[in-house]
Amino acid sequence: MTTYADYQRDRIGWFFGLSGGQLMFLALASLPAFWAISRGAWFSAFLFALVWLFILVITVVPVRGRSATGWVFASTMYAVGGLLGWTSFRAKATQGRAEDLDTPDLPGVLQGVQIHDGPPHGSQLQRVAIIENHAMKTWAVTASIVHPGIGMKDVEERARYGEALAGLLDVAGRTEKVDEILFMVRTVPEDGAERDLWVNRHRRPNAPELSEVVNSGLAHGLTQASVRTETFVTIVVPETRIARSAKESGGGFEGRCRELYLLMGEIEAQLRGPMGMTAVRWLTSPELALACRTGFAPGDRAGIVEALSLREKDPSVNADVPWAMAGPSGADATVRHYSHDAWNSVSSTIKLPTRGVAMGALAPILTPSEFGERRSFVVAYPIVSQSKADRQSGNAEWAADLAEGMNEKLGRKTRAKQRDEAHKARGLDAKLARGNSLTRPYGVCTVTVPKTMRITEFGRRLDASVRRAGFAPLRLDLAQDVGFAASTIPLGTSLTRSGDA
């Protein structure tokens, strides 16, 4: 079995694990104590030393993924947002103020999203949904994909899939336009909507009563024990990387669509070829609105499927979900979970283990523990530009060499974990020279249950599934709404992008 462990921390501290900014801040904070010592004010020096130790603790020691100063800042911003009403959302349709049904009305970080219908594309002249994020200044497109899975694959074929994923990221990096690729998987409890429609169409009036009872029992039992998997891939392109080439392609929205269509062709070729996808369908605006609505309210899918079936018989039936109603009717971001419509969600990110992971290790995270529970997961691959990657590689290698040199001079033994990180930092430059791309992958998993169930219990079950898969969970407290949007709604939301990329 192939184990993937060739990853390291984004930044390596070159002075006892401290970064340059932390070291400078602590050095400046120690000046009052040394000033008091030079004056012979020993009591004042002692007080300043205590203050410096307090600053050291809140600056260096992490608490559940953040420093104490980070928690203070995040808590303050959350409290301010709660006082100003930013943490609560009410849809305009619930207040009778929805004017344009084609304008998205989404909460939180999705408020800056606008959906465009692209020019006709492909042999079927399909109008792909173009996602424009005004807040982040990015463009994105989403595709629904189908993969046969790797559960029955041998080691060699799994290794080929891993190489194919690396090839996909290298192709995206060589375009110098794609900023991030996101793979999203949602395991939704089976509602039996398609089966009910099929049974109603093929039911015979003279069927034996016993067979009716047996089939009804089987349908009830299998529906509760079955899940349905939805998989999406989203490519995100910043405006700063596409603006010049879009101008050469005609400028304006049409020019950007032409550039996005070219990128879609390159990505789709990699998905269908080396990665073995059996189906890649770029979503139109109605299909994307349906994916968003079922992301916020999984229970609405059965009614939508029935409406689509009725439209086949009666074209006057409106089975589309307008963008003004694709979001929740109401949503509230609390500290430990996210509340939307009649559902609650808990999101956690995962920390990669030092010993590495095997392909397929995320499967336990996507397995629901009870009927009515939905699991979703996103694996994001932010792609670092070549110039920035070379600069970071040089800085990491220099920091590793400096840290080892200082440990030798001070007689401090270099730990095995530090030696591994230094070795990986030195090997990164060789990989970049061979044409590989640098990426900072991360994953976010979310569990969604009806409000009639205790979300705290299912949050603990999600953490147990993450640990069973070999990872360490980290609850996204004070950012549950962002984690939910990134892992459940396929609109290209990222945890690493805070502005114009």
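**Entry 1: the whole chain**

I start with burial: a residue is buried under 20% relative accessible area, exposed over 50%, and partly exposed in between, with a 1.4 Å probe and protein chains only. On that scale, 43% of the 501 residues of the protein chain count as buried.

I note that this is a predicted model, where local features need pLDDT of at least 70 and side-chain atom pairs count only at pLDDT 80 or more, while totals for chains, interfaces and linings use all residues. Residues are numbered from 1 along each chain as its sequence is written, and side-chain values use heavy atoms, with hydrogens and water left out.

Next I looked up the secondary structure, and found 14 helices and 18 strands in the protein chain. These are DSSP runs numbered from the N terminus: helices are H or I with at least four residues, strands are E with at least two.

How far apart in sequence are the residues that touch? I took contact as heavy atoms within 4.5 Å. Among contacts between residues at least 6 apart in sequence, 77% join residues at least 24 apart.

**Entry 2: helix 8 and its two partners**

I describe two packed helices by the angle between their axes and the distance between the axes. The axes are lines fitted to C-alpha atoms, for helices over the stretch in contact, and the angles run from 0 to 180 degrees between N-to-C directions.

I took helix 4 (residues 155-175) with helix 8 (residues 252-272) to begin with: they pack at about 165 degrees, and their axes are 10 Å apart. Helix 4 is therefore roughly antiparallel to helix 8. The classes I use are roughly parallel under 35 degrees, roughly antiparallel over 145, roughly perpendicular from 65 to 115, and oblique for the rest.

The crossing of helix 4 with helix 8 is right-handed.

On the helix 4 side I listed Gly167, Leu168, Val171, Ala172 and Thr175 in the contact, and on the helix 8 side Leu263, Glu266, Ile267, Gln270 and Leu271. I sorted these into 6 nonpolar, 3 polar and 1 charged. For the sorting, Ala, Val, Leu, Ile, Met, Phe, Trp, Tyr, Cys and Pro count as nonpolar, Asp, Glu, Lys and Arg as charged, and the others, Gly among them, as polar.

Then I turned to helix 7 (residues 239-248), which packs with helix 8 at about 105 degrees, with the axes 9 Å apart. So helix 7 is roughly perpendicular to helix 8. Here Glu239, Ile242, Ala243, Ser245 and Ala246 of helix 7 meet Gly255, Arg256, Glu259 and Leu260 of helix 8. This contact divides into 4 nonpolar, 2 polar and 3 charged residues.

**Entry 3: the aromatic rings**

How many aromatic pairs does the structure hold? I found 4. Rings of Phe, Tyr and Trp (its six-membered ring) pair if their centres lie within 6.5 Å; planes under 30 degrees apart are stacked, over 60 edge-to-face, and the rest tilted.

Phe296 and Phe484 make a tilted pair, 5.5 Å centre to centre with 50 degrees between the planes. The pair links distant parts of the chain, since Phe296 sits in helix 9 (residues 285-296) and Phe484 in helix 14 (residues 480-488), 188 residues apart. Both Phe296 and Phe484 are buried.

Tyr338 and Phe484 are also a tilted pair, at 5.3 Å centre to centre and 45 degrees between the planes. Tyr338 lies in strand 12 (residues 338-340), 146 residues from Phe484. I noted Tyr338 as buried because its relative accessibility is 5%, and Phe484 as buried because its relative accessible area is 1%. Phe296, Tyr338 and Phe484 form one aromatic cluster.

Most residues other than glycine have a negative phi. Asp341 has a positive one, near 50 degrees. Asp341 is in the loop between strand 12 and strand 13 (343-351), and counts as buried because its relative accessibility is 17%. Leu478 also has a positive phi, near 70 degrees, and is found in the loop between strand 18 (472-475) and helix 14.

Pro189 lies in strand 8 (residues 180-189) and is buried, with a relative accessible area of 14%. I found Pro189 and Glu373 6.6 Å apart, C-alpha to C-alpha, though 184 residues apart in sequence.

Is Lys137 buried or partly exposed? I found Lys137 partly exposed, because its relative accessibility is 45%. Lys137 lies in the loop between strand 6 (126-133) and strand 7 (138-146).

Key. Left-handed = near helix turned anticlockwise from the far one by under 90°.
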